[in-house]
Amino acid sequence: MTEFLKAIPHNFKPGETALLHKALDFATKAHAGQKRKNGEDYIVHPRGAAIILGQIFPDTATLAATLLHDVHEDTGTPLEKIRAEFGEDIARLVDGVTKLGHVRFRDSKDKFYVENLRKLFFATSEDVRVILIKIADRIHNMRTIHHIPKDKQLKVASETLEVYAPIAARLGIGSWKDELENLSFQIVHPKEYAETEKLLNQEMAEREESIKEMQKSLIHTLKIEGIKFIEVSGRVKRLYSFYHKLKKYDGDISKIHDIIALRVITKSTGDCYAALGAIHKHFQPVPGRIKDYIATPKPNGYQSIHTTVIGKGGKTFEIQIRTDLMHEEAERGVAAHWFYNEEGKNHAFTRSLQAPWLKELRAWQENTPNPEDFLENLKIDFFKNRIFVYTPKGDIKDLPSGATVIDFAFSVHSDLAMHMMGARINGKMASIYDELDKEDVIEIIKSKNPVKVSPKWLEYARTNNAKSKIRAHLNQENRGLIQRVKEMNFTLPRFFRKK
Ligand code: MN
């Protein structure tokens, strides 16, 4: 137990320590006798996941739920028992993680599949803490993935790369995104991984000396200009984002300016701008390469000033300037906001209400609730007015609640909709006017020839997509009619025509 607590950089109060102790004990007993694929006791996994989570979000209830996250699913311990022992909040988190475990990823040609899967992830979890637990769970599984069969490794790693890493990015948790990408990149694209790694090592070996020199002259510059700063360090681009940039520039490494960057960490935003001024006074900036993400943060909340300057020997260097708080937020994202909030640091709480990642999440969904409610309840209800249904092949469709078979058919393909005679919902015959329920599997029954689009369809369509296509079709039919009347006009004798 002390080992577990020592691994988490946080001073827990006595009551919190007792709760964590109880949860670890409960999970150890429940999983007793169960082994992981590598022969270790099963408890190593939930304990490992809780330690991972504890690095960025040492919240006691969430950590207890992480320790218990596989108890219900894997040992058959009823949720009621967890609720009786640990209370409603922790039981709900465990239930959320269990439900989220049932959302399955598979390869799909549908271009919206992955995006809808990410949305489904948020819709199913209903609480950001559930997602944090689920990602910590996945990081631990990825760290120990080499013990499972190759084909399964590929499936888990693809899902990690397509779903988990982008979700971590969306929540602004840079450290988790980096680790998830790195661990899965080497399994999903082993050849590209090896090549990129080799290229990066070459580049670093070549530039090591000049970077060290530049670091020294930067420190010197800041000192003689009297700028307050905490440190100047070097940072190397992560392999996966390096790989993406290489692809973007057709492998032309000379076009990538931020492979190695220098990072200036300051105490205040004012010092960031002062540092930028001092650096530009001594080193010529490259035009068009100054980005002020402090004034205009990235959608996930990232803040920093980026500039590229010309150093000794005409070499270019990217320099990133940020405060220590911005740096921590870039690593911990949403978890940083909530933790500060709980600690009662009001400045961070106020800021988190306008957190750009929150806007991003809201923009993701057209029905946007009040952000204050969202933060207070820690609830994800962007998707409360949405249902997620499946095609027979398992593709996910994101529709508004109240949507009918007609909406579903148009969301798959207009051509399919133009041939629909009826449907099967979960294997049972249904009409095209029937309303859908969440998690329905819908199969459209097609006729051989296109069917006549009826104005009645408009009454039963809920989505703009279906409505606009139905309208366009009805208009076309009307136009056809008008056209025929016009043609008839030409065949009329001259004296019947208007002057
Ligand atoms: Mn697990």
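**A guided look at the chain**

Tutor: Buried residues make up 48% of the 499 residues in the protein chain, where buried means under 20% relative accessible area, exposed over 50% and partly exposed in between (1.4 Å probe, protein chains only). This is a predicted model, so local features need pLDDT of at least 70, side-chain atom pairs count only at pLDDT 80 or more, and totals for chains, interfaces and linings use all residues. Residues are numbered from 1 along each chain as its sequence is written, and side-chain values use heavy atoms, with hydrogens and water left out.

Student: How many helices and strands does the protein chain have?

Tutor: Helices (H or I, at least four residues) and strands (E, at least two) are DSSP runs, numbered from the N terminus. On that basis, the secondary structure comes to 22 helices and eleven strands.

Student: Which protein donors hold the manganese ion, and what spacing do they follow along the chain?

Tutor: Donors are N, O and S atoms within 2.8 Å of the metal (3.2 Å for Na, K and Ca); water is not among the atoms, so sites may look incomplete. Here they are His45 (NE2), His69 (NE2), Asp70 (OD) and Asp137 (OD), lying 2.2 to 2.3 Å from the manganese ion. Their spacing along the chain is H-x23-H-D-x66-D.

Student: Why does the pair His45 and Asp137 tie together parts that are apart in sequence?

Tutor: Both residues are buried. His45 lies in helix α3 (residues 44-56) and Asp137 in helix α9 (residues 128-143), so the parts this pair ties together are 92 residues apart in sequence.

Student: Which residues touch the most other members of the largest nonpolar core?

Tutor: A nonpolar core is a set of buried Ala, Val, Leu, Ile, Met, Phe, Trp, Tyr and Cys residues joined through side-chain atoms within 4.5 Å. The largest one has 60 residues, and its largest share, eight residues, comes from α9. A second, separate core of 41 residues includes Met214, Ile260, Leu262 and Val309. Back in the largest core, the ones you want are Leu68, Ile82, Ile135 and Trp176.

Student: What is Ile135 in contact with, leaving aside its neighbours within four places in sequence?

Tutor: Contact means heavy atoms within 4.5 Å. With those neighbours set aside, the list for Ile135 is Tyr164, Ile167, Ala168, Trp176 and Leu180.

Student: Is helix α19 mostly covered or mostly uncovered?

Tutor: α19 runs over residues 405-412. Its buried residues are Val405, Ile406, Asp407, Phe408, Ala409 and Phe410.

Student: What is the order of the three strands in the open sheet?

Tutor: Two strands pair if DSSP finds at least two bridges between them, and the pairing here is antiparallel. Strand β9 (residues 420-425) and β11 pair over five bridges, and Met420 has Lys446 in β11 as its bridge partner. The edge strands, β10 (428-430) and β11 (442-446), each pair on one side only. The order is β10-β9-β11.
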